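Please examine the sequence and the model shown here before reading on.

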Amino acid sequence: MKSALVIAARELEEKRFVAYAAVAFAILPFILGLIPAIGGKSPSDAIALGSLTFATGFAVALAVLTGAGFVGRDLSDGRMSFYFSRPVASASIWFGKLTAGILMIVGCFGVIVAPAWLAAGRYWKTFWTLTLGEMSVNVLVCALALFLIAHVIGTFARSRSPLIVADFAAAVLCGVTIRFLVLPLAAGRASMLVTWLGIFLSAALAVAIVGGGAWQLKRGRTDRRRNHRALSQFLWGTMAVALLIAAGCVAWVISAKPSDLTTMVYASRGAGSPFLVLTGRARYRGDYNATYLIDVGDNSARTIDLDSWGLGGVRFTRDGRSVVVPRREKDSADLVIYKRGASNPVETGLTLPATYYPIFVSDDGNRIATIVNGNLSIYDVPQKRSLVSVRVPSDWRSFYQGYFVSPELFRFYVQKEDGLSIYELDTRVRGLRDTGAIADRGFVFFMLDPTVSRMIVQRHNLEGITLNDARSGAVIKTIASENIRNFCFLRDGRMAIVEGPPSKMTLHILSSDGALQRDIPFDGGGRVGFVGDDGTRVVLSVANKESSLRRLVAINLDRGVIERDASLPKDWTMINWENRPPIEPLREVVYGDGAGHIVAWNPVTGARRMVMGG
Amino acid sequence: MTDNAIRISDLTVRYGRTIAVDRVALSVDRGAVYALVGRNGAGKSSLVRCLLGQQKPESGETMLFGEDAWSRRAALMQRIGVVTEEADAPPEMSVASIARFCSRLYDKWDQSSVEARLKTFGVPLASRFGSLSKGQKKQVSLALALAIAPDLLVLDDPTLGLDVVARKSLFEEVIGDLADRDTTIFITTHDLAGVETFADRVGMMENGRLVLDEEVDALKSRFRRIRFAAQPVAIDTAVLRTTVVRSWGGGAEAIVSNYDDRAFERMRGTSDIGAAEVEAMSLEEIFIAIAGGKS
């Protein structure tokens with residue numbers, strides 16, 4: 001310890017001219033402040049700005065120059081024997097020199113900044129969002145990091161050893177490894193974990209360099225090549241250990257099972273599909289969001305690699321047998337299809353930009369339509385080839401929805417400023433046809449029947465709804481009603497409409513041509529949503545009047561009675577809606593209970609079963 | 001407690017494929033003066049670095065006062081004064097600063113001896129080390145090395161670059177004095193004439209190997225130059241081993257490495273070698289004879 005301090009004092013004494021230069025740079029901003037062309041009306045600004053600029057530049061330059069030479073230069077000039085022929089330990093030589101370098105950088109920064117701080121301190125916050133203390137810490141941390149890195153580069157370069165090639169390879173390997181560690185965390189939107197990983201690896205690097213410096217002098221002493229070799233061994237060895245630890249932690253984080261989940265962040269399920277895409281946070285895994293594809297039919301789950309954009313690109317097929325997932329690959333996404341009972345996903349060969357997913361899937365998942373760079377393309381999955389690609393009108397900048405009417409015919413609806421436009425693309429004709437429109441100056445909300453031949457339309461700011469032709473948009477029948485709460489088509493083509501004030505709601509069942517079949521009054525709430533139907537009963541989610549908590553209500557369509565009424569937990573999550581009924585009947589209502597569990601509720605029996613969760 | 005100040009055994013130093021020191025073994029008794037000689041690149045400096053614990057050998061060990069020089073370097077340096085081949089002190093520091101720095105590192109330090117010696121050498125304390133002449137730098141290094149009254153003084157080619165007066169000053173006034181005070185001295189040098197008067201033992205390195213390690217007196221007693229008035233000379237090599245034989249004018253000259261008066265007289269009686277004159281040789285002449293003979 002004493003020897004280290006003696007060496008540090010000697011180093012500082014030798015380089016005292018640096019302190020003189022720092023004093024000069026401390027005075028310079030005051031001189032600049034007095035020059036009218038620079039100081040202007042506010043010399044304090046010029047002093048504060050100049051001082052911090054000089055201090056930062058001085059600290060960084062000093063860090064690089066000192067770091068590159070404080071050991072490496074003594075070695076290459078053959079002057080390290082001056083220390084090694086004295087009764088001082090290698091560690092004392094290293095830590096003495098290191099201490100002197102750090103004190104010099106920190107001290108010079110302080111010498112330059114302090115006078116300006118005293119003279120113009122009240123102006124610091126005027127120019128920068130950071131306080132002087134925060135700014136100084138940032139600058140000094142960067143300068144000290146540069147100091148250490150410069151020492152490594154200085155030692156390596158001055159040794160003139162071919163080992164530098166291996167060092168370069170090791171550095172590249174470290175960089176590649178770090179990238180592979182960050183990617184899965186970034187995909188899991190774990191910004192906090194990425195930050196911690198960065199802090200851990202930075203600390204490991206600092207330890208590796210500081211420890212490596214002591215090690216290099218212990219092993220290499222006055223020989224520059226042996227110093228290089230020892231530093232290399234310690235540095236890369238330490239980094240390898242750190243990366244192994246980090247890799248182990250990352251592997252553990254991303255190995256979270258659905259049973260480990262404590263919080264659900266996102267859940268998406270296609271109507272009538274047994275598949276459920278679930279994103280949640282698992283215990284002890286920070287802000288990492290694990291994403292699973294869960295088959296609620298057999299309770300199986302598999303981890304899928306999805307980023308936040310990818311979640312929006314998941315598509316469930318209407319037949320309930322497949323789900324299309326955009327798997328992130330750097331700046332693009334490969335579409336893959338997971339099928340029930342198959343262990344590996346089917347590669348479609350289709351690649352899309354990573355952040356934009358206008359994807360439409362046919363009922364069986366064999367055809368996919370995409371709109372990329374103004375081109376609408378239809379892709380055949382089994383053949384892995386594009387069937388047709390057409391340029392879409394340039395005013396397609398707004399919301400659109402697309403549906404495969406049949407495997408050959410794709411119809412899509414575009415929300416424009418003047419209403420809803422309807423187009424069709426036939427793969428056999430290979431032509432884009434404008435088939436109709438629904439004029440409106442606002443958003444046109446609609447629900448489609450199973451065959452995409454008719455639609456229930458609710459125009460912007462109009463409470464009433466109409467039955468329209470889904471191809472031309474022409475009104476077939478006005479379904480005159482007020483207080484429309486919600487509406488949809490049932491799987492058999494009938495219509496279900498909820499209407500009435502909150503205290504006295506009625507479920508109207510209409511035939512496919514709009515004739516009223518049955519009215520079923522029920523105790524509603526503020527908002528009502530359609531969950532699905534199994535042909536005999538329809539399930540609604542209903543908000544309680546008092547508590548605003550929701551409950552599931554199963555209404556028997558044949559008997560016109562409420563069969564089941566089950567409450568939902570406060571933080572329940574559920575399930576996206578679709579505006580076209582599924583092929584398969586609703587068998588269970590699946591929801592997240594807000595405590596990390598996935599629960600399935602049977603509307604026939606009223607039984608609940610745990611699908612997933614800790 | 002060992003009697004050896006230095007014990008080197010089976011020391012090998014390698015730089016890549018080049019063997020700088022090849023299985024060298026030697027020992028130096030306490031209080032002795034050992035001179036290691038050899039041509040440039042013979043491996044002397046590598047051996048000295050190992051001796052000072054500045055370099056880890058490939059194999060073998062270097063013991064100083066019974067302790068391993070590599071692992072116990074820092075502690076051993078309290079007892080060892082070093083003058084390196086190239087002056088290694090920071091050039092920006094003054095001589096006084098260097099002395100002050102060193103004084104804080106040693107348990108015992110005689111500042112007055114440093115000042116006295118530097119005064120004798122005529123080196124001002126306020127001088128910047130980098131501004132001194134080569135000889136003055138060596139003198140400063142020596143003054144610092146002697147300030148701790150070392151048990152062992154290691155001098156790595158201390159006279160390199162010094163003029164005749166400085167050499168004389170270094171060897172006769174300082175080293176001779178230290179040898180008398182029972183300080184062990186290990187010196188590598190090209191200046192054999194300088195060490196001849198006080199070296200107890202001499203070693204010679206060639207291509208990394210120690211080809212000679214002998215008491216100086218014994219070495220000098222067995223080497224003789226014999227000048228013959230006539231030639232050719234028929235020397236019985238079974239009796240006298242000749243290292244070099246040269247002809248000149250009408251005569252010849254032989255250097256004998258195992259000279260013995262009685263053997264020579266016997267040979268003279270039995271062989272027809274005519275008139276011959278036997279001369280003692282200096283260390284330098286012996287070194288040249290050995291090195292030249294081998295090359």
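The structure is a predicted model, in which local features require pLDDT of at least 70 and side-chain atom pairs count only at pLDDT 80 or more, while totals for chains, interfaces and linings use all residues. Residues are numbered from 1 along each chain as its sequence is written, and chains are lettered from A and ligands numbered from 1 in the order in which they are written.

Chain B contains ten helices and 14 strands; helices (H or I, at least four residues) and strands (E, at least two) are DSSP runs, numbered from the N terminus. Along the principal axes, the C-alpha atoms of chain B fill a box of roughly 70 × 40 × 35 Å. Of the 295 residues of this chain, 42% count as buried, a term that applies if 20 or more other C-beta atoms, placed from the backbone, lie within 10 Å of the residue's own. Two residues are in contact if their C-beta atoms, placed from the backbone, lie within 7 Å. Among the contacts in chain B with a separation of 6 or more, 68% join residues 24 or more positions apart.

Chain B is divided into domain 1 (4-214) and domain 2 (223-294), with bounds that come from an automatic or database domain assignment. The centres of these two domains of chain B, taken over C-alpha atoms, are separated by 36 Å. Nine residues from domain 1 of chain B and seven residues from domain 2 of chain B take part in the contact. On the domain 1 side, helix 7 (192-196) and strand 9 (201-206) of chain B are the elements that give two or more residues.

Turning to the other chain, 22 residues of chain B are in contact with 18 residues of chain A. Helix 2 (73-76) and helix 3 (95-103) of chain B each supply at least two residues of the side of chain B that touches chain A. The largest share of that side, three residues, comes from helix 3 of chain B.

The largest nonpolar core has 243 residues, of which A:Ala59, A:Cys108, A:Ile112, A:Ile456 and B:Val154 touch the most other members. Such a core is a set of buried Ala, Val, Leu, Ile, Met, Phe, Trp, Tyr and Cys residues joined through C-beta atoms within 7 Å. Helix 7 (residues 90-120) of chain A gives the most to this core, with 15 residues. Not counting residues up to four places away in sequence, A:Ile112 touches A:Ala22, A:Phe25, A:Ala26, A:Ser51, A:Phe54, A:Ala55 and A:Phe58.

Terms used:
Buried ≥ 20, exposed ≤ 12 C-beta atoms within 10 Å, placed from the backbone.
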